[in-house]
Number of protein chains: 2
Amino acid sequence: MKQWNLLSSIEQQQLLARPAQAQSASLQQQVAAIIDAVAQNGDAAVLQYTQQFDCESLRKLRYSAEEIAEQAAKLEPSVRAAIDKAYSTIAAFHQAQKPKDITVETAPGVVCTQRFAPLDAVGLYIPGGTAVLPSTALMLGVPAQIANNPRRVLVSPPDKNGELSPALMYVAQKCGITEVYRCGGAQAIAALALGTESIAPVAKIYGPGNSYVTAAKQQVAQLPGGPAIDMPAGPSELLVIADDSANPSFVAADLLSQAEHGVDSQVILLSPSAKLLQATAEAIEQQLAILPRAATARQALASSALIQTRDLAEAFAISQRYAPEHLSLQFDKADEAVEQVNLAGSVFIGHFTPESGGDYATGTNHVLPTYGFARNYSSLGLLDFYRRFTTQQVSKAGLSELADAIITLAETEGLRAHARAVSIRLEEGS
Amino acid sequence: MKQWNLLSSIEQQQLLARPAQAQSASLQQQVAAIIDAVAQNGDAAVLQYTQQFDCESLRKLRYSAEEIAEQAAKLEPSVRAAIDKAYSTIAAFHQAQKPKDITVETAPGVVCTQRFAPLDAVGLYIPGGTAVLPSTALMLGVPAQIANNPRRVLVSPPDKNGELSPALMYVAQKCGITEVYRCGGAQAIAALALGTESIAPVAKIYGPGNSYVTAAKQQVAQLPGGPAIDMPAGPSELLVIADDSANPSFVAADLLSQAEHGVDSQVILLSPSAKLLQATAEAIEQQLAILPRAATARQALASSALIQTRDLAEAFAISQRYAPEHLSLQFDKADEAVEQVNLAGSVFIGHFTPESGGDYATGTNHVLPTYGFARNYSSLGLLDFYRRFTTQQVSKAGLSELADAIITLAETEGLRAHARAVSIRLEEGS
């Protein structure tokens, strides 16, 4: 436990530093080689890497509609009910985000419209291997379904038997995803970006992944005409601000739920209350004792911090500086503080709003900017599945109205033909 | 003049190919060295490069408020009036794009909100040197003013006398931009991204630039915690679809206004009418004769194409495949065709809507995805000056409602602490 105002500014900086991310040149080169192989050999390369990394006996990348239905049907009813519930809240929240075209007559006879069109084809990457992540499939599949992107393509690495989990296939079915391919890693990203014989390229790639997936997304986004990507990736993190009104068991449970994600997860507790900090530290120890992933959580906690602040205002300022992915506010009337702590991916307000609620079922999207990127990037939302473009229609009278401005500015910028395109219309136009 | 359906698919592909972009390893290395120098030496490095490339005698990067006002006051009244007019239409169109927070009760006792907050600090890059581009300053400065980003930072390379143009400074003043720095190129992008003694870092960088600027934007966006950027860059382009109802002089003037931008600009005319294609080709030659930038336009035209299509429908299909930055529809009832040709940055509808109108004064933004990126990226708009984030507030009853779903999904994903953060609240919570 540290007291913020007793730290030097360098110590403060170190305390809030993110764990360094592996970005080795060798990893970048391996990924570049995989992308190159997929560019050269298409499906054969994707299949070969998938056999090498995931399932030796795999022969076919794509699941047919029947195979999706067959896998989905194996799902336990309790998990199905849980997915149905999460689907309903996520759908409700994202449905409300539907954009509307905006038309303005900016001058008499000059009508401008901002239009929204769903992206033609979206690629949804779901990590796999040992873990099964139906929640991520919901977070990507539900908005794609609501945006009604004509092609919705799900890729995920198969298990050792060459299968994707029933939970994942149930989500795919529910979200109307008909293109499902059994491949993951950099090879799946390359296939989505460049296209192969069986996988047509997509306009944008979404979803989290390991360091290979992350590097591949970055690399393909740099290609001329390459796909857009959702946001930069980083390890998960939680910052909790709490005072004496908080329940230390709840705070500890939230910190641990973030810490169990991975050894590079970061959790920070800020509180003006020494008593709460002490009690939370004790509760963490107690709860760790019964946690299956205690070893992972312990390692993550080692690079994390419990910090005593002068007051809540100082905690707010630290949070704004850190810009956490998840921000939990566990003090009374927390809803009144949101404007002061808006640099976050998602904010969990009050004592009964656990961070894990947002991971699964409150309805918000759990694909969020981390690693300080909450300063620069948005939380994933329905708008990310659309393109915005504009149209304008000008009448002859409207063009007369604008003519002086266009011609003068074009001449100022030395672009005579730009001016001429206006004057010729007013001279000749009938 | 080519007839589309007589071409082989390889010839069709070549006809629509974009000019290759210089992305040499040596340019990338030069840019990396400049970014590194700015990281090491801050203002001194920025000043040194600016002296080297722009103005030997420059001693101070920042313009004071008085200096901005002084420069702005030198502006000719006619240009001032033109800027005022353009400002009014651009402001009207972007003001209408103001986002609203969205709140949904996704389940009883579960309230989720999508919130919009202006980015804290935005960096607006305006190319300079010999050209003067007040229009680009308007396209970036007006939305930043409407979004009310707390820090709005304009950078632009100074002329040989170390000054920015009166037109640019008038726009800065009008858009309430108080931070103006005289620097351009990769060194300006590095300063905006990393910060120096006098320039604090920004969250996102906007605006067009030469190949150094483009490479620098790409590189800084890859840094851990680096700024976001508006969109990938590429040379400007125009695709016109016209039929016999079009005026060949207007079509020619529009094609030339795009071709004069630069030798790598691309212009394409698609028409089912051989007569219009022929007449347009003749009008281009006539108009070239009186064009100051005819040499540039001629070079651009060399890699451009006039293509005869079977009908308008075939032209629409080609346009969708090409995904132009600017799309001009010069046929009767063009407004009814927009849904069929939506893969474009901005669409110019009808005979009296010249493309140059959108460059300056219809009100739409002229920062647009080019090089086929209209498939993946949005036209610049007010939303690009905000971050979206979410909040959620759950009551105890709301948590009971979601508990089964969260706990079941967490257990499915092997994350016991996630489940525990819910169950502990329902067991202990009072």
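## His418(A) and its surroundings

Set aside the residues within four places in sequence, and His418(A) is in contact with Ala410(A) from its own chain, plus a set from chain B: Ser257(B), Glu260(B), His261(B), Glu355(B), Ser356(B), Asp359(B) and Tyr360(B). Keep in mind that we're looking at a predicted model.

His418(A) has 0% relative accessibility, so it counts as buried.

## The annotated binding site

So what does the record say? The unreviewed UniProt entry lists a "binding site" feature at Gln258(A), His261(A), Asp359(A) and His418(A). These positions span 161 residues of sequence, and they're spread out in space too, with up to 56.6 Å between C-alpha atoms.

## Gln258(A), another listed position

Gln258(A) is in helix H10 of chain A, residues 248-259. Is it buried or exposed? With a relative accessible area of 0%, under the 20% cut-off, Gln258(A) is buried.

Its contacts, again skipping neighbours within four places in sequence, are Ser236(A), Glu237(A), Leu238(A), Ser265(A), Gln266(A), Val267(A), Glu325(A), His326(A) and Glu355(A). With Ser236(A) there's a side-chain to side-chain polar contact of 2.4 Å.

Note on methods: Residues are numbered from 1 along each chain as its sequence is written. Chains are lettered from A and ligands numbered from 1 in the order in which they are written. This is a predicted model: local features need pLDDT of at least 70, side-chain atom pairs count only at pLDDT 80 or more; totals for chains, interfaces and linings use all residues. Side-chain values use heavy atoms; hydrogens and water are left out. UniProt positions are given in the numbering used here, feature names are shortened, and annotations may be inferred rather than shown by experiment. Helices (H or I, at least four residues) and strands (E, at least two) are DSSP runs, numbered from the N terminus. Buried means under 20% relative accessible area, exposed over 50%, partly exposed in between (1.4 Å probe, protein chains only). Contact means heavy atoms within 4.5 Å. A polar contact is a pair of N or O atoms within 3.5 Å; within protein, one must be able to donate a hydrogen and the other to accept it, and residues adjacent in sequence count only if both atoms are side-chain atoms.
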